[in-house]
Every structure is written in C-alpha cells, then in structure tokens.
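Please look through the model that follows with an eye to how its parts are placed along the chain and against one another.

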Amino acid sequence: MKQNDYVKACLDQLIPQLTGLTITGGVADDSGEYFGFTVKGKQNGKAVEKTVFVMADAECNGPGFLEINDGVEPEPQAYSEWCPNCSTEVAYKENQPFPCTTCGEILFPCAACYMANGNEYALCDQCPWETKGKEAMSCAK
C-alpha cells in the first residue's frame, strides 16, 4: 500500500501514541457532535488512559468516519439507491445495474454517477442503462 507524505506523517505521529493500548469504550463530547473511543494500557512502564476523537480533518471540521474491515485495503465506497417498487434503501458497490435486495427490481447506479460527476454534470439522458424518455429520478426499470 502506497502512502502519501501526509498519511505517513499522521501514522508516524499517531501510531506510537496508541501502540499497546486497548480500546475500552466509546465516547461522545459534551455537544454530542463528536465521537471517539477511550483507550487504556501501559506504555514505557506507565499506566496510560487516553480519549481518541475521530475528526474529519486536522482542523476539527466536524466528526469523521472510521472504516473497519478485515483486510489491509479499504472497502470500495458504497452507494445507495431508493427502490421505488418496495420503498427500500438499497446499498451497492459497483457502478452497474443491480437488483433490489428486498423485491428484486433492477435499479440503476445513479448515486455513483452523481458522486463521480456531480449533479450538474450527470448526463442522465446519455446513461447506458436509463430507459429512453424515463425520468432520471425514478432510476428503476
């Protein structure tokens, strides 16, 4: 896995502060906006307790997101589409038509297209999966 300079600097600073400690619980700040976890353990022969908050960036611009998976590489980004047939929000990872997990209706990957291109640049009328003359908002065949 290739690291950019910022990621390497973050790891060089953060990992030594947490190595050998055990997560002991979850925590939220007094405002309820930020979350994190508490850690305890021994470092250099001393008992240590710390609180780790998950921030969106170094300037603390809102709470962030932790992805936890079994492997080393992050999971592919997940998207979701609303199934108009059964009123279910359906998650998907590949940018291709997929069946609704509840009713089996075939849905189109509009959210992935919007995320990749931005709403103003999504060309629904040129979508290879969109039915001609159909509203882009329904995204269902």
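Q43 is found in strand β2, where helices (H or I, at least four residues) and strands (E, at least two) are DSSP runs that are numbered from the N terminus. The structure is a predicted model, in which local features need pLDDT of at least 70 and side-chain atom pairs count only at pLDDT 80 or more, while totals for chains, interfaces and linings use all residues. Residues are numbered from 1 along each chain as its sequence is written, and side-chain values use heavy atoms, with hydrogens and water left out.

Is Q43 buried or exposed? With a relative accessibility of 16%, Q43 counts as buried, given that buried means under 20% relative accessible area, exposed over 50%, and partly exposed in between (1.4 Å probe, protein chains only). When residues up to four places away in sequence are not counted, Q43 touches P16, Q17, L18, T19, L21, V48 and K50, a contact being heavy atoms within 4.5 Å. With one of these residues there is also a polar approach, since a polar atom of the Q43 side chain lies 3.0 Å from the backbone oxygen of T19; a polar contact is a pair of N or O atoms within 3.5 Å, where within protein one must be able to donate a hydrogen and the other to accept it, and residues adjacent in sequence count only if both atoms are side-chain atoms.

The strand that holds Q43 has a partner: β2 (residues 35-43) and β3 (residues 46-53) run antiparallel and are joined by eight bridges, two strands being paired if DSSP finds at least two bridges between them. Within this pairing, V39 has K50 as its bridge partner in β3. The hairpin of β2 and β3 has two residues between the strands, and N44 is placed in that loop. N44 has a positive phi of about 55 degrees although it is not a glycine, and at 81% relative accessibility N44 counts as exposed.

Another residue with a positive phi of about 55 degrees that is not a glycine is S87, which lies in the loop between β4 (79-83) and β5 (88-92). S87 is partly exposed, its relative accessible area being 48%. T88 belongs to strand β5 and is buried, with a relative accessible area of 19%. Leaving aside residues up to four places away in sequence, T88 touches E81, W82, C83 and T102.

On the helical side, I15 has its place in helix α1 (residues 5-18) and is partly exposed, at a relative accessible area of 43%. Together with Y6, V7 and L11, I15 makes a nonpolar surface patch of about 360 Å².

For the protein as a whole, the secondary structure comes to two helices and seven strands, and from the N terminus on the elements run α-β-β-β-β-β-β-β-α. Of its 141 residues, 21% count as buried. The protein exposes about 10400 Å², of which carbon and sulfur atoms supply 54%, with accessible areas taken from the Shrake-Rupley method with a 1.4 Å probe. Among contacts between residues at least 6 apart in sequence, 28% join residues at least 24 apart.

Methods: Patches are made of residues with over 30% relative accessible area and no salt bridge: like charges are joined within 9 Å, nonpolar side chains (Val, Leu, Ile, Met, Phe, Trp, Tyr) within 5 Å. A salt bridge is a side-chain nitrogen of Lys or Arg within 4 Å of a carboxyl oxygen of Asp or Glu.
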